[in-house]
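Q: I have a structure open and want to go through it piece by piece. Can you take my questions as they come?

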Amino acid sequence: MADILAVLDEYKPDPAAVEKLRAQASAQPPSATSGQELAVFFHRRGHANKILGNAKQQIADFGQALETVRPNAMPENEGIGDRNRILMDLAEAEFAAGNWIRSISVAKELAIDTRGSGFVGLYFIAQNLAALSDQERTRIALRDLDQRYSQLGSNLVYQAMHERVHGMGLDLQGNLGEAERRHRKSMELNELAYAQSKKSIVSSRYARAQSTALMSWSVSERLLARNLKNQGRGAEAEYHSRNTLLRMLQGYGRYSSYTGSFIYELGLVVMESGRFRDAELLARSAVESFEKSGSVPYAFHLARARGVLGEALVAQGRWSEALTVFAARDKALAIDPAQYALINGNDPNWGIALLRAGDSKKALAMLESIYRKRLSDGLPQTEYFTAESRGFYAMALAADGQPEKALSEFHGAVAVLLDDARRNGGSEQGGGVARQIRLVWILESYMKLLAGLHDSPLLKTAGIDAAAEAFRIADVARGSAVQRALAESAARATPSDPALADLARREQDAQQRFGTLSDLLNRLLSAPPEQQLPKIIAELRRDIETLRVERDKLKLELAQRFPDYADLIAPKPTTISQAQAALAADEALISIYVGAERSYVWAVPKTGRAAFAEVTLTDADAARQVAHLRKALDVGEVAFEDMPRFDLAQSHELYRKLLQPVETGWREAKNLIVVPHKALGQLPFALLTTAPAVTTPTASLFAEYRQAPWLIRRAAVTQLPSVSTLLALRRMPAPKPGRTEFIGFGDPLFSTKMALAANDGTTTRRRLRNLGIGSVVAAPMATVADALVAMPTVAVANSAGLAQLARLPDTAEEIISIAHVLKADAANDVFLGRVASEKNVKSGQLDNRRIVMFATHGLVPGDLNGLTQPALALSAPEVTGNASEDGLLTMEEVLGLKLNADWVVLSACNTAAGEGAGSEAVSGLGKAFFFAGARTLLVSNWPVETVSARLLTTKLFEHQSANPTATRAEALRATMLNLMDKAVPSDTLGSKGYTYAHPMFWAPFSLVGDGGK
C-alpha cells in the first residue's frame, strides 16, 4: 500500500486550475447574448460543476443549456453547445444522481436521433431501466438497442457500450458469470478504441475522443472489478481496480473528482478482504483528492469517500476518529437538503461508533431509526439487513440498560443472522469480511448480555439457558472468517462427483440471484419516493420470494444427498447436548471464545452439567500474552545456552484465567479437546502449567523444566477448528483395511537456482529450521507504477513469489526417517526435491494411505503476492517442468483430494502468522483436509530443532505401531513426555550437557482433529 500511495504522491495539486474551475462554476450568465451563446455558457458551466461534484447545479446548468440551445447550431470545441451532447450530459448527470426516471425522460429525446447519438440515448434508457430493476422493459430496451447497434457499423466505442450495458443488465439479474464475459469484452473494445484515438491527428476533436475512450475503458474495467468482487474473487478485483486507478491518474491526475472516485473504489475492494488500514489510507487519499480538486463540501462522491473512511476506522475500533469523520460528512451534506435526503446521518457504522464511544442515548436513537425505517419500507424481519439493523438496535438497548427489550430483539435478530451465516456465508452474495465483523459485534454483544443475566429470573422466564445459548452462538462467531474462506473455496472447487457438482452449482446460482435481487430491493427502497416504482418493487419482492423457495429446496436436497458437503459449506451451530453425545467417556471439550472486551470458556464433560465462565481476557490481552510466551519458543537460530527462558508464571496465568474457572467440567477427563480462538490457536495448551511452578537449577541445560506441572502430564490434548468439526469427524466411517502405511512430500525446490544448489551440494544445513512466514525474503521492488498493478489476474501467477521461500533440506531426513520406521517403499512413497510437486500429490493415490505427510512451508493469504487462501508450498513449475502448475496446494485444491488417512502431517508449517492468520490457516486447511478424508492433522507451530523434530515424529509412529490400542492423542502425549523426561542427545555443548525438556523441543506439534483411535 505504501507503493500505491507513493504513486499518488507523484501528482501535485494545481491551485490555479482549481480557482479557474471554481470561477467558471460560479460565473454569472453574460447579458445581451443570443440563445446559442447562453447554451454554450450553461453547458460549459455545467461541466465545471460536474468536475467539482456539485450535482444539483450541474443538472440545472445542463437543463438551462437545453432550453436555450439552437437545434442546428455549430458546436464549439469538445461538443460544447451541441444539443445532442447536452442531452447526453444531462441524461448521464441524472443517472449518476440516482434520478433514473428523469434520466430516461431525457434519453428518450436523444433516442429519436437516427445516428450514433440515438444509440447513446437507447443506451441510457436501458441503463436506467436496469437500475430500476424493470426486467421486462429492460429486455425491450436492450432489443431496441441491439437493433440500432446493428445499423451503426464497426464503431469500437459503440460496440463497447453495447457489451457494457448488457453486462450491467446481467449483473442486476445475478448472472455474474455471463456478465463478467460481457464486461471483459467491453474492456477489450475500449482498449482498442483508446489505442486508435492515440494514433489519430492531434486536434481538439481527437483529444476529446481519446479522453472519452479512456474514461469508457476505465468504467468498463471498474464494472468488471465490481463483478469479480461480488463473485468473491477479491485478488482479481483488486488487480483491475489498480489498473483503472493508474489509468485515471495518467489521464486526469490525482486531484480530479474522476480520479477520487476510483481511489475510494479501490478502498472498497480492499475493505472487503479485511485490510481495513489499507482501506483507510485509500479513503483518506480520496478525500484529499476531492477537497484539493475543488469539490463542493456536499459532493456525493466526497460523502461516499468519507463514508468508506468512517467504516474503515470503525472496523479498526478507532471510535473517536470515526465520529469526527461522520460528523464532518453530516455537516457538509446538510448544506444541500436535497443531497442530504439521499445520504443522511443514519449510518449503522456511525451508530456503532457512538455506542462504543459511550454515547448510548444518541446511538440508540440512530440505530432504532435505521431499524424502524426498514420495517416501514415493508422489509420483513427475516431479511438479512433488517435482522442486522435489529441486532444493532438490540446492542444499543443493552448498552442503554434495557436488558429485557434487548433480549427480545437479540433473540429475533440472531435467529435470522445465524441461519443466513450458515446458508450464505460462502456465497458470492454472502458479504465480505466487513459484514462478518458486523455479525461478530452483534453476537459478542448478545453473549455479553447472556453472561450478565446468567442466573437472573429474566432468562428463566424467557426459557433461555445462558451457557447453552452462548455456546451455540460462539461456534458461529468464532469460525466466521475461516468458514467464509472455506465455503468460498468449496464454491470455486469442482467436486469429483458429477451429481454433487451440478447440484452445488445450481444452489450457488440460486443463492447468487437471490442475493443480487435482495440488494436491488434495498437500493430501490433507499431511493427518494419520486424515484420508486411500486409495481417494480412488488414484482421484485415476488421474484425474491420465488428464489427463496427455490434456493431452500436446493439446499435441502444438497443436505439430504450430500451431507458432508453441506456440513462443510454450511455447518449448523452445535449445541452442548450434541457435543456431549459425540464425546467418549474419558473426554471433555474445552471451547473458548475471545472477544474484544472479555472472553468466554465452556468445559463440556461426557455427562453432567457443562461449566461456563466469563473471564477477564480481551483479544488484545490474549495476543500479547501468547506473543510473550512464544518468544521462548519461536527463537530463530541461537545457541542453546542463549535460548530465552520460558515464562512459567505467564503460562500458569493463562491456565488460571482459561481452564481453572471451568475445572469442574474437565477435571476427570484423560483427553481434552480444545477449541481455541484467535491468538490462542498459536499456543499448544499442552504447555500451560496447572500450578505455580517451582524449579531448581540442574546440571544439564533445560532439565529444570521437567519439574513444571505441565497440563500434558494431566491429560492428552487435541485441538479442533470448531465444535461442529467434532460431530463431522465422529461421523466418519471406519477406514477400510489394506491401506499402505505412508506417503511423504518434502524439501521442495522453489527456484531453478535452488535446484542447482541442491544438485551441487552447496545448500547449508542448520540445526534450527527457519520456517514459514519468517523465511520469506523481501523481493526487489519494481517501479512504483509497476507496484500499483502488481496483483496477478490468475492463480498460477502466485508461483512468481515461490523463489522468496527458503529451502527446508532437513525435512528430507525427517520424511526418510518416518518412512524407515513405517517400512515404506522409498521409490513409491517418498517424494523429495523436484518430485515434491503438485502433479505427484494429485496423482499419488492418497486415498490408500494411512499417513500422508507434507514437510514444507505453510502459507497464509498475503504471504505471496495474490495468494488469497491458505496453501502448502511445493516445487516451482520452473523446476518440475509442468507449466500448468503454480507450485501451491491451495485450500481449494485440498478440498478436491481423496484421502482415507488417519494422519496428515504438516511438518514445517509455522502457524505464527501475524494477527492469528496462521492459526486460521490451520483451521481452514484442517477443515479442507477433513472433508477430503483425513481424521487428524499433526501441525508444527514454530521452527523446530532438527533432531528433536525427527525424534518426535518418528517416535510417535513407533509408539502407535507398538501400541495399537492407544489413541492418537495418547500416542502424541506419550511421545512428548518421553522426549521431555528421557531422551537426551549424545552430543554436548562444551562441558555442559542438555536435555529436550524445554517446551520449544517437546511441544511444537499440535494434534488437530480426532484424537481417537
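Predicted model: local features only at pLDDT ≥ 70, side-chain atom pairs only at ≥ 80, totals over all residues.

Q: How do α14 and α15 run relative to each other, roughly parallel or roughly antiparallel?
A: Roughly antiparallel. That label applies to angles over 145 degrees; under 35 is roughly parallel, 65 to 115 roughly perpendicular, and the rest oblique. Helices here are DSSP runs (H or I, at least four residues), and strands are E runs of at least two, numbered from the N terminus.

Q: At what angle do the axes of α14 and α15 cross?
A: Roughly 155 degrees, and the axes come within 8 Å. The axes are lines fitted to C-alpha atoms over the stretch in contact, with angles from 0 to 180 degrees between N-to-C directions.

Q: Which residues make the contact?
A: On α14, they include F276, A279, A283, V287 and F290. On α15, H301, L302, A305, L309 and A312 are among them. Contact means heavy atoms within 4.5 Å.

Q: Why is α15 described as largely enclosed?
A: Twelve of its 16 residues are buried, so α15 is largely enclosed by the rest of the structure. Buried means under 20% relative accessible area, exposed over 50%, partly exposed in between (1.4 Å probe, protein chains only).

Q: What covers those buried residues?
A: The cover includes α13 (257-272), α14 (276-292), α16 (319-333), α18 (348-356) and α22 (433-452).

Q: And what follows α15?
A: G317, with a positive phi near 75 degrees.

Q: New topic. In what order do β9, β10 and β11 sit in their sheet?
A: The order is β9-β10-β11, in an open sheet with antiparallel pairing. Two strands pair if DSSP finds at least two bridges between them.

Q: Which strands are at the edges?
A: β9 (858-859) and β11 (888-890). Each has a single partner strand, so one side of each lacks a neighbour in the sheet.

Q: How many bridges join β10 and β11?
A: Three, with β10 spanning residues 871-873. A871 has T890 of β11 as its bridge partner.

Technical notes: Residues numbered from 1 in each chain as written. Heavy atoms only, no water.
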